Amino acid sequence: MLTLRISGDGGHSARPHMTQDVIHAMAVVITGVNAALDRRLDARDATVLTWGRVEGGVAGNAIPATVELQGTLRSASVEVWERAEELVREIIGGLLAAYGIDWDLEWIQGVPPVDNDGKTNTAFNRAAAALDGDLEIVGTPQSSGGEDFAWYLRGVPGAMARLGTWDGKGDK
């Protein structure tokens with residue numbers, strides 16, 4: 001979870017030049033961080049930053065002194081997951097430098113991506129294929145949802161599989 005607080009001198013909207021327009025700076029961050037990540041990271045790493053909460057201001061004719069953004073960053077790449085905070089901080093700092101305003105980023109690292117061990121995955125598939133019965137082994141689309149099992153895989157080679165799931169088509 002990312003929480004970004006941007007603060008500066010607020011003021012009346014008739015004199016934005018006498019303020020540090022944190023609403024404008026927030027808009028630059030919302031679009032700019034995503035745009036920069038798209039050019040700094042390999043698209044095959046399936047990395048997505050989503051801003052889910054935007055808060056600031058109380059009146060349409062006033063520039064507030066603070067705004068807050070909250071979101072999540074998820075990646076299918078362990079390497080990106082490990083260096084994401086440093087990269088996002090660098091990008092935010094660059095985007096906001098032109099505005100001369102203060103900012104603070106609170107970063108709470110979520111779970112890493114599930115990274116199945118190749119040998120374990122192959123062994124699992126062979127064992128499942130050898131079972132008798134009406135068993136079908138199918139791949140599933142990658143998900144960017146968080147999965148705690150990823151923590152185990154950081155310490156012990158393993159593979160995650162979904163057993164007994166239904167694809168949503170046909171009879172259960």
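UniProt positions are given here in the numbering used for this structure, feature names are shortened, and annotations may be inferred rather than shown by experiment. The model is predicted, so local features need pLDDT of at least 70 and side-chain atom pairs count only at pLDDT 80 or more, while totals for chains, interfaces and linings use all residues. Residues are numbered from 1 along each chain as its sequence is written, and side-chain values use heavy atoms, with hydrogens and water left out.

**Exercise 1. The annotated span**

Task: State which residues UniProt lists for "domain: Peptidase M20 dimerisation", and describe the span by its helix and strand content.

Solution. Step 1: the unreviewed UniProt entry lists residues 3-95 under this name. Step 2: helices (H or I, at least four residues) and strands (E, at least two) are DSSP runs, numbered from the N terminus. Step 3: residues 3-95 are 40% helix and 29% strand, and the end C-alpha atoms of the span lie 16 Å apart.

**Exercise 2. The largest nonpolar core**

Task: Find which residues touch the most other members of the largest nonpolar core, and which element gives the most to this core.

Solution. Step 1: a nonpolar core is a set of buried Ala, Val, Leu, Ile, Met, Phe, Trp, Tyr and Cys residues joined through side-chain atoms within 4.5 Å. Buried means under 20% relative accessible area, exposed over 50%, and partly exposed in between (1.4 Å probe, protein chains only). Step 2: the largest core has 25 residues, and I6, V29, L37 and V88 touch the most other members. Step 3: two or more residues each come from β1 (2-7), α1 (22-40), β3 (48-56), β5 (66-74), α2 (78-97) and β6 (102-107). Step 4: α2 gives the most, with 7 residues. Step 5: take L37 and count contacts (heavy atoms within 4.5 Å). Leaving out residues up to four places away in sequence, L37 touches L49, L73, L87, V88 and I91. In soluble globular proteins, nonpolar side chains tend to be buried together.

**Exercise 3. P157**

Task: Locate P157 and name the residues in contact with P157 beyond its sequence neighbours.

Solution. Step 1: P157 is in the segment after α4 (149-155). Step 2: with 61% relative accessibility, P157 counts as exposed. Step 3: apart from neighbours within four places in sequence, P157 is in contact with D117 and T120. Step 4: P157 and G118 are 39 residues apart along the chain, and their C-alpha atoms are separated by 8.9 Å.

**Exercise 4. G145**

Task: State where G145 is placed and how far its C-alpha atom is from that of G118.

Solution. Step 1: G145 is in the loop between α3 and α4. Step 2: G145 has a relative accessible area of 47%, so this residue is partly exposed.
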